[in-house]
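Biologist: I would like to learn how to read helix packing and a nonpolar core. Please show me the model and take me through both.

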Amino acid sequence: MAFAFRSSEARALQAIGDWVLGSPAPTLEAVGLVERVARLCEASPPDVRLAYRLVLWLVEWTALVTRGRRCSMLSPARRAAYLSRWAHSRAYLRRVAFKVLAVNVQLAYYAAPEVRAAFGFSPPALVALKTKIAMLDDQLKGQLQAYLER
């Protein structure tokens, strides 16, 4: 069964992405940020996924107590102030928990092919692999052609 975020978790993740990344060229929706982070989480052990969901829940719902609305429903200015408090909290666990969310958002966003293309970045290892595959493909085609011509 594939891992998926609940709607409130997705809204919180989207809000964090907006704050962490600003207004990126390929939008978060176009990249499918929430689905990409879900795939990252899917590879994690169940207890890590549970902790991730818990931190998302805390980010989304503690704003209701401290700001009067859920995080995803705050105005952009109030949301920025709220998330900044999480990011720069004096409480170590709160700060680190938020950092985990922010880093996963960044990993998922910058790993998207459309984002790499927008930056003009093609990882050297990927280029080398594609070149090697193309070379092997050419060799196999040549060998197959030679075999068929016999």
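Biologist: Which residues in helix 4 meet which residues in helix 5?

Modeller: This is a predicted model, where local features need pLDDT of at least 70, side-chain atom pairs count only at pLDDT 80 or more, and totals for chains, interfaces and linings use all residues. Residues are numbered from 1 along each chain as its sequence is written, and side-chain values use heavy atoms, leaving out hydrogens and water. Helices are DSSP runs (H or I, at least four residues) numbered from the N terminus, and contact means heavy atoms within 4.5 Å. From helix 4, Leu 58, Val 59, Thr 62, Ala 63, Thr 66 and Arg 67 meet Arg 78, Ala 81, Tyr 82, Leu 83, Arg 85 and Trp 86 of helix 5.

Biologist: At what angle do helix 4 and helix 5 pack?

Modeller: Angles run from 0 to 180 degrees between N-to-C directions, with axes fitted to C-alpha atoms over the stretch in contact. Helix 4 (residues 46–67) and helix 5 (residues 76–87) pack at about 115 degrees, their axes 11 Å apart. That makes the two helices roughly perpendicular (65 to 115 degrees).

Biologist: Which residues have the most contacts inside the largest nonpolar core?

Modeller: Such a core is a set of buried Ala, Val, Leu, Ile, Met, Phe, Trp, Tyr and Cys residues joined through side-chain atoms within 4.5 Å, buried being under 20% relative accessible area (1.4 Å probe, protein chains only). Here the largest has 35 residues, and Phe 5 and Val 59 have the most contacts inside it. Its largest share, seven residues, comes from helix 6.

Biologist: What does Val 59 contact beyond its sequence neighbours?

Modeller: Leaving aside residues within four places in sequence, Val 59 contacts Ile 16, Cys 71, Tyr 82, Leu 83, Trp 86, Phe 98 and Leu 101.

Note on methods: Parallel < 35°, antiparallel > 145°, perpendicular 65-115°, else oblique. Buried < 20%, exposed > 50% of the residue type's maximum accessible area, 1.4 Å probe, protein only.
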